[in-house]
Structures are given as C-alpha cells and as structure tokens.
Amino acid sequence: MPFRRTRGILTGSEKADPAIEADVIMTAAVAGFTAGRFLDNQPVRFDINPAEQAEWGSFERVIKKLNAAVEPYVRARGTKDSSIKADYAPKFDPDHRGVIMGVYQLAGHTTPAKLTEPVLTEKGRALYDRIRQDQTPQYVGVGAYTGFVDNPNTEGNTDPVGPRSTARFLIPDAAADGSQESPVHRWLPSTNSPVWHARLRRGTQSDYVPWGVLGGESAAKEPDPDSKLPRAANRADQMTAIIESQGMAYVGKPLTREDIVGYTHGMIQAVYKAYSLGPACVPYEIAVGDRTTKLASCFPCTMFITSLGYPPSSSHLGRGESWAPLYQPHNPGARHEPNESAVIRDLNTAWAAACGVWLQYGIGVLAQAKVAKSHAGAVEDLYNFVETRRNDPTVGATLILDALTIHQKESTRIDQTLENP
Ligand SMILES: [Zn+2]
C-alpha cells in the first residue's frame with residue numbers, strides 16, 4: 001500500500017487546500033482532546049511561553065474560542081466543570097532550571113509542587129547534572145529538550161536513561177502507528193499539490209526538499225549570509241545543516257521526494273524507555289541550550305503521553321512540526337531492552353486508538369461550533385473522510401500526523417478555524 005498521494009490531506013479535489021485542512025484537523029484534535037479530558041473529569045490547562053507576554057491577548061482569545069466550542073458539547077454529556085485554564089508555562093532560563101515531567105498517574109505518581117529540582121536517585125542525579133551542564137552529546141538548538149528517565153529499580157537494569165534529544169527519522173509507508181494492515185497510509189502530497197511550490201530548491205527546475213523536513217518551506221529563499229552559519233544554496237538546506245550542527249541525529253539518509261521524515265521528541269522517547277523499564281521509572285524532558293524558554297510539552301507529545309497515562313506537567317499550543325512517534329528502537333550509545341520493539345508497537349497502538357476517539361469528539365464539537373466560512377468545507381471533508389473509514393482504528397492518528405507536516409502553531413490553526421463566540 002503506497003503513501004496516500006493526493007493533492008489535499010482529505011481529498012484530491014482541485015480546490016483542496018492542505019493548510020486549511022490541517023487547521024481543521026488540528027482544531028478537531030485539540031477540541032476533542034479537551035472534551036475527552038473533561039468527560040474523564042480531568043482538568044485542562046494550556047500554557048503560553050513566558051517569553052511571549054505580548055501574545056497573551058491573542059492566546060486568551062484562542063482559549064475563549066476553544067471553550068465556547070467545547071463547553072456545550074461536554075455539558076450536553078453531563079460534565080459540569082468544563083472551563084479550560086490558560087496560564088504561563090514555567091520559565092526556563094539559566095537561573096530557573098527545570099523540567100517537564102510525565103506524571104504516571106496510573107502508578108499513583110503525582111505532580112510535585114516544584115519542578116525546578118526534581119527528586120532523583122543518586123545515579124539519576126549524576127546523569128541529570130551532566131545533561132543540564134551540556135556534558136553529554138545532545139541537540140541544543142531552538143526548542144531543545146532532552147528526554148531523560150530516572151530509574152529507581154533495584155533489580156535488573158538500574159541505569160537512568162539519557163540524553164534523548166529530538167531525532168529525525170524516515171517515516172515508514174504505513175499508518176500512523178506503523179501498521180501495514182491499515183488501508184489508510186500516511187499522506188505524501190501528490191506532485192500537483194500546492195505545498196510543493198515553496199519546497200522547490202532555489203535555482204533548480206525539479207529538485208525538491210523532501211516532505212516533512214523542518215524549514216523545507218523556505219527552499220526558494222536565499223540562505224542567511226551570516227558567515228558563522230553553514231553555507232548552502234538555499235535557506236531550507238542551510239537550516240538542515242544548522243540543526244545537524246546543533247547536535248540533532250538524522251537517522252536514515254539520503255532523502256528523495258518519495259520520502260517523508262518525522263521528528264521524535266525527547267519526551268516521548270523517554271516514555272517508551274520508562275515503560276520498558278517499569279512503573280517506578282519517571283520520564284522527564286529537560287530544557288537545554290540557550291534558545292529554549294518554556295517548560296511545556298508540545299501538543300502532539302501531550303496527546304501521546306496523556307493517552308498512556310503520563311499527562312505532562314505543562315502543555316502549550318505552539319508548534320509540533322512534523323512530529324512523529326518512534327517506529328524502531330533508538331538507543332544512541334546506550335543499551336537496548338529486549339522488550340523495546342514490543343513496547344513501541346503497544347504504545348503506538350494505544351496512542352493511535354486514543355487519537356481516534358479524540359478526533360471523533362473533535363468532529364462532534366466542530367459540527368456545532370461557529371466555524372469560519374473559509375474552513376466549513378474542510379470540516380465536512382474531515383467528517384466524510386473519517387466516517388467512510390470508521391472501522392480503521394488508526395485513521396485519527398494518521399490524519400493528525402499528516403496535519404502536523406503543515407508547519408503552523410496549533411493556536412493559530414484554532415484561531416483560523418473558529419469564529420469568535
Ligand atoms: Zn514535543
């Protein structure tokens with residue numbers, strides 16, 4: 001089964017606009033996730049980067065729109081408290097060190113009052129300090145978070161895990177969870193899709209930056225002339241070189257226009273490892289480098305770890321560009337657990353199932369919400385796409401991953417999809 005080669009994410013229509021479809025899919029995902037948490041009697045809070053105080057007003061407007069859309073849906077289903085909290089994420093700077101923590105509620109863990117200095121085992125503390133002081137090989141560029149697992153086990157493997165930086169992988173031609181059986185495989189835009197225009201390398205006739213690559217939409221631009229930066233023929237390839245020079249691992253090269261790449265964040269790499277090692281182990285994401293300002297988990301990581309029972313200590317509606325789960329064990333310089341491939345398969349299956357439920361809720365929310373005229377057609381296309389594939393448990397997760405390959409802040413997508421109440 002080949003990648004889904006259509007003009008839009010949802011249809012092959014001449015009029016399909018993948019950016020609008022991605023707005024609608026991710027708005028449904030956020031609204032549906034929110035509804036799902038309220039229906040489970042769990043609170044919902046989204047945080048903004050403390051470095052973006054000037055954007056507080058527009059963030060509040062987005063939360064208001066989201067509240068107005070979700071509230072009637074969950075109230076009609078018997079939920080009383082359904083007000084989304086909006087706040088600033090804990091700040092990260094050299095004086096305010098800190099972590100994002102996956103809180104394993106199923107194992108009785110709770111969120112500590114202070115996340116600046118997590119309580120760790122002795123071996124965990126030693127590794128944590130080395131990661132914090134950047135004495136381990138890791139990605140330190142924009143939005144650098146390193147996955148880390150503290151391991152209090154007293155038998156078997158008792159080593160903490162880390163650093164686990166965001167890494168780039170080739171995405172299998174399969175459904176979101178990696179399964180070949182699903183009839184809906186990942187979307188690779190057809191060659192007539194409007195999304196390719198910005199990915200044509202400057203000065204070439206048919207040389208495109210592959211789908212998913214961060215910054216790929218700046219291939220037509222000149223590179224930054226700053227002599228300290230790597231040289232390249234265009235801005236997109238320059239960004240690829242910059243990110244690699246900042247320590248991100250690229251697994252699987254070279255790339256063609258027939259490939260898709262995805263980026264697996266440290267937080268979820270830590271969750272796969274914590275799960276493999278046992279319920280006492282705690283996954284963290286440690287902010288590193290000097291270009292990271294907030295201690296909050298991106299929305300796709302939030303969905304992933306919440307679906308597995310580890311909701312994050314803070315979560316934002318910024319970017320999760322070309323986010324992807326793991327499809328194979330990834331253990332740079334470290335040991336491989338015998339059960340890892342099975343854990344990856346099981347966690348991906350559980351996450352995909354949760355995404356399916358959340359997207360269904362979100363479609364229900366959008367059906368009764370005030371949707372912008374420009375986006376109403378895509379809401380209908382989303383409904384039809386999912387409805388005709390009702391028996392496929394991976395379709396929700398696959399559409400979410402497809403939408404994340406259109407790079408945008410989740411808050412902007414929601415703002416563009418929903419009208420003011
Ligand atoms: Zn993330």
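Q: Where do I start? How many helices and strands does the protein have?
A: Start with the inventory. The protein has 10 helices and 9 strands. Remember that the model is predicted.

Q: How compact is the protein for its length?
A: Compare its radius of gyration with the value from the globule rule. Here the radius is 21 Å, close to the 22 Å that the rule gives for 421 residues, so the protein is as compact as a globular protein of that length. The C-alpha trace spans about 60 × 60 × 45 Å along its principal axes.

Q: What share of the residues is buried?
A: Look at relative accessible area. A residue counts as buried under 20% and as exposed over 50%. In this protein, buried residues make up 56% of the 421. The protein exposes about 17800 Å². Carbon and sulfur atoms supply 50% of that area.

Q: What do contacts between residues at least 6 apart in sequence tell me?
A: Ask how far apart in sequence the partners sit. Of these contacts, 73% join residues at least 24 apart.

Q: Which residues of helix 2 are buried, and what do they pack against?
A: List the buried residues, then look for their neighbours. The buried residues of helix 2 are Phe59, Val62, Ile63, Lys65, Leu66, Asn67, Ala69, Val70, Tyr73 and Val74. They pack against helix 1 (18–39), strand 1 (45–48), strand 2 (85–88), helix 7 (340–368) and helix 10 (410–417).

Q: How do I read a salt bridge, and which residue pairs with Glu71?
A: Look for a side-chain nitrogen of Lys or Arg within 4 Å of a carboxyl oxygen of Asp or Glu. Glu71 forms a salt bridge with Arg75, with the closest N and O atoms 3.4 Å apart. Both residues lie in helix 2, 4 residues apart, about one turn of the helix. Glu71 is partly exposed at 26% relative accessibility. Arg75 is partly exposed too, at 45%.

Q: How many salt bridges does the whole structure hold?
A: A search finds 20. One of them joins Lys253 and Glu244, at 3.3 Å from N to O. Lys253 is exposed, with a relative accessible area of 52%, while Glu244 is partly exposed at 38%.

Q: Glu337 also forms a salt bridge. Is Glu337 buried or exposed?
A: Check the area against the cut-off. Glu337 is buried, because its relative accessible area is 8%. Its partner is Arg335, at 3.8 Å from N to O. Salt bridges can also share partners: Arg4, Arg186 and Asp402 are joined into one network this way.

Q: Which parts of the chain do His265 and Cys298 tie together?
A: His265 lies in the loop between strand 8 (261–264) and helix 5 (266–277). Cys298 lies in the loop between strand 9 (282–287) and helix 6 (299–307). The pair therefore ties together parts that are 33 residues apart in sequence. His265 is buried at 15% relative accessibility, and Cys298 is buried at 5%.

Q: Last one. Where is Ser206 found?
A: Locate the residue between its flanking elements. Ser206 is in the loop between strand 6 (167–170) and helix 4 (235–245). It is exposed, at 59% relative accessibility. The C-alpha atoms of Ser206 and Arg257 are separated by 9.9 Å, and the two residues are 51 apart along the chain.

Notes. Residues are numbered from 1 along each chain as its sequence is written. This is a predicted model: local features need pLDDT of at least 70, side-chain atom pairs count only at pLDDT 80 or more; totals for chains, interfaces and linings use all residues. Side-chain values use heavy atoms; hydrogens and water are left out. Buried means under 20% relative accessible area, exposed over 50%, partly exposed in between (1.4 Å probe, protein chains only). Helices (H or I, at least four residues) and strands (E, at least two) are DSSP runs, numbered from the N terminus. Contact means heavy atoms within 4.5 Å. The radius of gyration is taken over C-alpha atoms; the globule rule is 2.2 Å times the number of residues to the power 0.38. Accessible areas come from the Shrake-Rupley method with a 1.4 Å probe; for residues, only the protein chains shown count as cover.
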